[in-house]
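Please walk through this model with the aromatic side chains in mind.

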Amino acid sequence: MDRIFTKLILSCQPKNQPKGDSCMRGLKRFSNPALLSVIAVSLLASACSSSAPASGGDKSSASSGDVTTVTFWHGLTGQIDLDNMNRVVKAFEEKNPKIKLKLVYTESSEGSDQKLLTAVAGGNPPDIAYFDRFKVGSWAAQGSLTDLTEKAAASGIKKELYYPFAWDESSYKGKLYAIPLGTDSRLLFYNKDHFKEVGLDPEKPPKTIAELEAAAEKLTIKEGKRFKRIGFIPWYSQGWLYSWGWAFGGEFQDASGKITANDPKIVQALQWMTDYAKKYNVEDIAGFTSAAGTDEMNPFLTGQISMKIDGNWSVASIKKFKPNLNYGVAPIPTPTGTNFTSWSGGMSLIIPKGAKNVDAAWKFLEFMGKEEGQYLLNQNSGMSVIDSVNAKFGYKDDPILKEFVKILPTSRNRPVIPEGQLLWNELATATENATRGNGTPKENLDKVTATVNKALEKYK
């Protein structure tokens, strides 16, 4: 009972961080202990109920004659993604006529996490689930995922097939628990027409932090407390502390597995963000961002912001809402103008612990872990974790997308730890506090380090 309770509580952690093909846009946190208690009791009651739903159970995962039906839970809603998945399933079933995939839609939310954990805890999970790689560490630590290490080795699936970060994010404590699928990366977007307007070379985007600051100052137009146009906001869009911490050369985790959010280089990155907030008045910036629109009213599309850190998914949005926008992309600037990097997330496939048809499920994961499956799944949708597949898509020849692919070999993944969501939330809080003058960057990052490392002690 305690084990189920722990799993269900973990499933309800806020999920407002950028995720794989998709990406995250905000940060919401429960702050009412009483409310949390009510939620916890409610979930526990659901888990213990004899009538708790558990789709993907014995009947849907049963073998019928020579054909094995494998239940696959997913949260796909976009037509392109659904078409791609159906094409993948068709190709797989043609090659494996004795295996039938049953696709079951489960809403992509904390509720679906709770549903899956309830199914695992009840011993009646689906055979396969479409899964955010960001959660591998927490679920593996709770014993909710099937260890795929030996099956992968026997099938010739190894780290060298993928970009390094994708394999690392799919593994926990040296064991593989997921097959990585699509991915993303983050770069600096800049408006070339704005650059021309203020005398900046549109073909030479800033490489150093100093160049970024200088460009931002030239591009900013402010009337009183109101920004008519702002050159850049470090924490806007995908300007998370992960983006800048790595750009400044910091490490969020050491070789022993301890979190090092107070690495001097990360402190330096947050200090730079804090100084920027003071220079342009953080409250005035907050007024600008709170009024910022989305989709066709995105401030980068409307010309209200000249530069931003964002992901490859924004390219499709620009093509849809403002195809004639004259813009470019470049690596995230660093203090030295060298050693460029980015960070990446993405989705994966897992076999939940207790799945009834592990061998048949693995056949599908093996198919998806290699070129053919990756090509069919990611076509017209996003980037693959296999470099040769991105080349086949023509991304390396596209003037914009080639930059997102080029950075992938050196891209980073967030620490794979049981408390990944806690670390995400604490870093976001530290950034907000420091930029608003509530404690120094070091004080805030010392707190993050202590809080997360203390939470990790129970997993030793």
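**A walk along the aromatic rings**

Tyr327 is buried, with a relative accessible area of 12%; buried means under 20%, exposed over 50% and partly exposed in between, with a 1.4 Å probe and protein chains only. The model is predicted: local features need pLDDT of at least 70, side-chain atom pairs count only at pLDDT 80 or more, and totals for chains, interfaces and linings use all residues. Residues are numbered from 1 along each chain as its sequence is written, and side-chain values use heavy atoms, with hydrogens and water left out.

Tyr327 lies in strand 13 (residues 327–330). Helices (H or I, at least four residues) and strands (E, at least two) are DSSP runs, numbered from the N terminus. Leaving aside residues up to four places away in sequence, Tyr327 touches Phe189, Tyr190, Lys192, Phe300, Val315, Ile318 and Ile400. Contact here means heavy atoms within 4.5 Å. Phe189 is 138 residues from Tyr327 along the chain, yet their C-alpha atoms are separated by 7.0 Å.

Phe189 also meets a charge. Lys308 lies over the face of Phe189, at 5.5 Å from the ring centre. Lys115 lies over the face of Trp73, at 5.1 Å from the ring centre. The rule asks for NZ of Lys or CZ of Arg within 6 Å of the ring centre and within 35 degrees of the ring normal.

Now turn to rings that meet rings. Rings of Phe, Tyr and Trp (its six-membered ring) pair if their centres lie within 6.5 Å; planes under 30 degrees apart count as stacked, over 60 as edge-to-face and the rest as tilted. The count comes to 27 aromatic pairs. One of them is Phe232 with Tyr276, edge-to-face, 6.5 Å centre to centre and 90° between the planes. Phe232 lies in the loop between strand 11 (226–229) and helix 10 (241–247) and Tyr276 in helix 11 (residues 264–280), so this pair ties together parts 44 residues apart in sequence. Both Phe232 and Tyr276 are buried.

Why is the pair of Phe248 and Trp272 tilted? The ring centres of Phe248 and Trp272 are 6.0 Å apart and their planes stand at 40°, so the pair is tilted. Phe248 sits in the loop between helix 10 and helix 11, and Trp272 in helix 11, 24 residues apart. Phe248 is buried at 8% relative accessible area. Trp272 is buried too, at 8%. Phe232, Trp244, Phe248, Trp272, Tyr276 and Tyr280 form one aromatic cluster.

Finally, the whole chain. The chain has 20 helices and 15 strands. Of its 460 residues, 55% count as buried.
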